[in-house]
Amino acid sequence: MTVSPASPIAPAALVSPDPRVPLQAAPDTTSESYRQAYSRINGVVVVGETLAHHHFRRLARAIPDDGAELLRLGQMEGNHARELSACARNLGVRPDIRLAKQLFAPLHQLFRQCDERGDITGCVVIQCLIVECFAVAAYRSYLPVADAFARPITAAVLEDESQHLDYGEAWLKQRFAAVQAAVSTICLQALPTTLTILRALVDDMRVIGMDPQELLASFGECFQEALETIGYGSSEAARLLRRAMAT
Ligand code: PL3
Ligand code: FE2
Ligand code: FE2
């Protein structure tokens with residue numbers, strides 16, 4: 001933290017209690033514009049977590065060997081949906097569920113199509129790589145501007161999400177040669193619809209103090225890292241990501 005020499009004493013309200021969280025001016029959570037933006041963003045979060053819960057239940061059926069583990073991960077998503085909707089309730093804000101369902105519909109539809117044709121790889125990539133990287137990037141960038149009620153909840157959820165990513169990485173890594181082509185195909189189909197969700201929230205993110213550009217960069221980093229972990233070479237991963245994001 002840098003404090004200008006002209007004002008050696010920082011204003012108390014600007015001092016972050018957690019040294020790992022960067023210093024930010026707190027947005028006014030009671031303003032009408034904040035409340036409307038939060039309603040749309042929290043809607044996307046709650047719908048995303050609820051869909052994640054359903055997706056893990058479907059994965060548990062598709063991969064019976066890991067059924068118990070996948071049901072446990074799905075249970076965590078149900079808890080996330082409840083805990084993160086409490087963040088809106090705490091501000092007296094009602095999440096915009098209708099808009100969020102519309103935004104998530106193409107990605108959820110793609111998951112269902114994969115599930116129906118027995119494309120387990122497609123299902124694992126959509127939920128455990130794409131949705132989870134999206135969640136990790138989003139919660140990471142929300143954390144420094146979260147209010148006092150939402151911050152510890154978001155921090156705990158963020159830790160859980162990395163377990164979900166780990167599951168998908170391990171599953172794909174174990175059978176990389178057999179699944180690589182299917183991974184690339186589903187990335188090209190599913191990443192553009194994920195960016196559409198992000199694009200729809202850009203103005204609202206700015207209103208609540210988030211930096212959409214930073215979120216996008218952090219999503220790209222998370223995804224690139226995941227692809228490398230499962231077996232892609234780094235330039236191969238970068239090329240796939242570039243192609244998918246340009247669509
Ligand atoms: C999988 O575990 C969950 C999928 C949820 C995706 C959330 C995307 C969130 C978009 C940006 C806003 C983050 C702000 C958080 C506010 C409570
Ligand atoms: Fe979650
Ligand atoms: Fe998750």
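Gly48, Ala52, His55, Phe56, Arg58, Leu59 and Ala62 of helix 1 are in contact with Ile120, Cys123, Val124, Gln127, Val131 and Ala135 of helix 4, where two residues are in contact if their C-beta atoms, placed from the backbone, lie within 7 Å, and where helices (H or I, at least four residues) and strands (E, at least two) are DSSP runs numbered from the N terminus. The residues of this contact divide into nine nonpolar, three polar and one charged; Ala, Val, Leu, Ile, Met, Phe, Trp, Tyr, Cys and Pro count as nonpolar, Asp, Glu, Lys and Arg as charged, and the others, Gly among them, as polar. The model is predicted, so that local features need pLDDT of at least 70 and side-chain atom pairs count only at pLDDT 80 or more, while totals for chains, interfaces and linings use all residues. Residues are numbered from 1 along each chain as its sequence is written, and chains are lettered from A and ligands numbered from 1 in the order in which they are written.

The axes of helix 1 and helix 4 come within 11 Å and cross at roughly 150°, axes being lines fitted to C-alpha atoms, for helices over the stretch in contact, with angles that run from 0 to 180 degrees between N-to-C directions. Helix 1 is therefore roughly antiparallel to helix 4, since angles under 35 degrees count as roughly parallel, over 145 as roughly antiparallel, 65 to 115 as roughly perpendicular and the rest as oblique. The crossing of helix 1 and helix 4 is left-handed, a term used if the near helix is turned anticlockwise from the far one by less than a right angle, with right-handed used if clockwise.

Helix 4 also meets helix 3 (residues 97-116), and the axes of this pair come within 8 Å and cross at roughly 155°, which means that helix 3 is roughly antiparallel to helix 4. This contact is made by Leu107, Leu110, Phe111, Cys114 and Asp115 of helix 3 together with Gly122, Cys123, Ile126 and Gln127 of helix 4, and its residues divide into six nonpolar, two polar and one charged. The crossing of helix 3 and helix 4 is left-handed.

Ligand 1 is surrounded by 21 residues, the closest of which are Gly48, Ala52, Ala135, Ala138 and Tyr142; a residue is near a molecule or strand if its C-beta atom, placed from the backbone, lies within 6 Å of it. Helix 1 (32-62), helix 2 (67-90), helix 4 (120-142) and helix 5 (150-174) each supply at least two residues of this shell, and helix 1 gives the most, with seven residues. The shell around ligand 1 comprises 13 nonpolar, four polar and four charged residues.

Of its 247 residues, 38% count as buried, that is, with 20 or more other C-beta atoms within 10 Å of their own, whereas 12 or fewer make a residue exposed and values in between partly exposed, C-beta atoms being placed from the backbone. Cys187, placed in helix 6 (residues 176-200), is buried because 25 other C-beta atoms lie within 10 Å, and, not counting residues up to four places away in sequence, Cys187 touches Val125, Leu240 and Ala244. Leu165, placed in helix 5, counts as buried because of 21 C-beta neighbours inside 10 Å. Leu165 and Val136 are 29 residues apart in sequence and 9.1 Å apart in space, C-alpha to C-alpha.
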